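Have a look at the model first, and then we can go through the details together.

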Amino acid sequence: MAARARRAADLPDLDGAIGGCFACPRLVAWREEVARTKRAAFRDQEYWGRPVPGLGVSDARIAILGLAPAAHGGNRTGRIFTGDRSGDVLFAALHRAGLANQPTSLARDDGLTLRATRIFSAVRCAPPDNKPTPGERDTCAPWLHRELDLIRPTLRVVVALGAFAWAAWWPALHAVYGVRPPSPRPAFGHGAHWSGTAVPEVLGCYHVSQQNTFTGRLTPQMLDEVFTRAKQVAGVD
Ligand code: SF4
């Protein structure tokens with residue numbers, strides 16, 4: 001699977017290869033079980049039930065790195081952050097920032113397009129309780145690393161949504177850019193910022209989970225500040 005990731009010639013090739021991955025037995029079983037049993041509200045829909053590839057442009061200057069698809073969001077619709085409350089919050093913010101053409105992300109054919117931005121997750125299959133194991137994170141890492149490699153020519157900033165994504169960046173920094181991560185690793189926090197030489201800058205942002213947005217830990221204004229900063233770093237108007 002790592003060899004297949006390295007061979008991916010471009011993003012469509014990578015997206016297709018990711019869609020056929022069965023490398024993590026626990027996650028394969030879970031994504032398929034969720035797709036079979038469904039949530040009552042979606043019982044008439046056919047779930048995607050497979051790995052969820054990245055979304056956005058191939059010349060992205062801004063990357064948004066999440067944790068993993070949601071069981072009834074991306075794992076249902078087949079598009080990352082699509083069809084759940086987390087996506088509602090994220091795409092509303094991207095639309096306010098001028099990085100998405102519409103404020104909602106409901107289905108793969110809803111007409112959504114991104115500007116200068118690509119969104120993907122550290123783990124490409126929905127995990128039980130939104131908690132991949134360290135082994136699953138490491139197994140999935142070659143997909144992330146190849147995706148970063150393919151957008152490397154234009155990529156200027158990575159927005160890490162949550163501590164899991166923040167932690168996934170450092171091995172990627174080494175694998176993709178050949179740069180030894182700082183030691184100790186910079187601590188995650190909302191507004192955390194790291195920059196190196198000739199590598200993308202990294203911004204920390206609380207995850208757009210309901211746990212954070214419903215409690216006010218992450219507000220729309222806080223997201224606006226992060227994306228304003230990301231656009232400045234990336235040189236996006
Ligand atoms: S989590 Fe990643 S490596 Fe594991 S089965 Fe899904 S796509 Fe493959």
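This is a predicted model: local features need pLDDT of at least 70, side-chain atom pairs count only at pLDDT 80 or more; totals for chains, interfaces and linings use all residues.

The buried residues of α3 pack against α4 (74-77) and α6 (134-151). Those buried residues are Leu-27, Val-28, Arg-31, Val-34 and Ala-35. Looking down the axis of α3, you will find them within an arc of 140°, so they line one face of the helix. Pro-25, Arg-36 and Thr-37, on the other side of α3, are exposed.

As for its geometry, α3 covers residues 25-37, which makes 13 residues. From first C-alpha to last, α3 reaches 18 Å, close to the 18 Å expected at 1.5 Å a residue. Just past the end of α3 comes Lys-38, with a positive phi of about 60°.

Now for the largest pocket. How much space lies in it? The answer is about 830 Å³. It is lined by 31 residues, and those closest to its centre are Ser-86, Asn-130, His-207, Ser-209 and Gln-210. Three helices, α5 (85-96), α7 (163-177) and α8 (210-213), each supply at least two residues of this lining. The largest share comes from α8, with 3 residues.

| Class | Lining of the largest pocket |
|---|---|
| Nonpolar | 13 residues |
| Polar | 12 residues |

Technical notes:
Residues are numbered from 1 along each chain as its sequence is written. Side-chain values use heavy atoms; hydrogens and water are left out. Helices (H or I, at least four residues) and strands (E, at least two) are DSSP runs, numbered from the N terminus. The expected span of a helix is 1.5 Å times one less than its number of residues. Buried means under 20% relative accessible area, exposed over 50%, partly exposed in between (1.4 Å probe, protein chains only). The arc is that of the directions from the helix axis to the C-beta atoms. Contact means heavy atoms within 4.5 Å. On a 1 Å grid over the protein atoms alone, a cavity is a set of points where a 1.4 Å probe fits but cannot get out, and a pocket is an open set with protein on both sides within 12 Å along at least five of seven lines; lining residues have an atom within 4 Å of a point. Grid points are joined across faces, edges and corners, and a volume is the space filled by probe spheres set on the points. Ala, Val, Leu, Ile, Met, Phe, Trp, Tyr, Cys and Pro count as nonpolar, Asp, Glu, Lys and Arg as charged, and the others, Gly among them, as polar.
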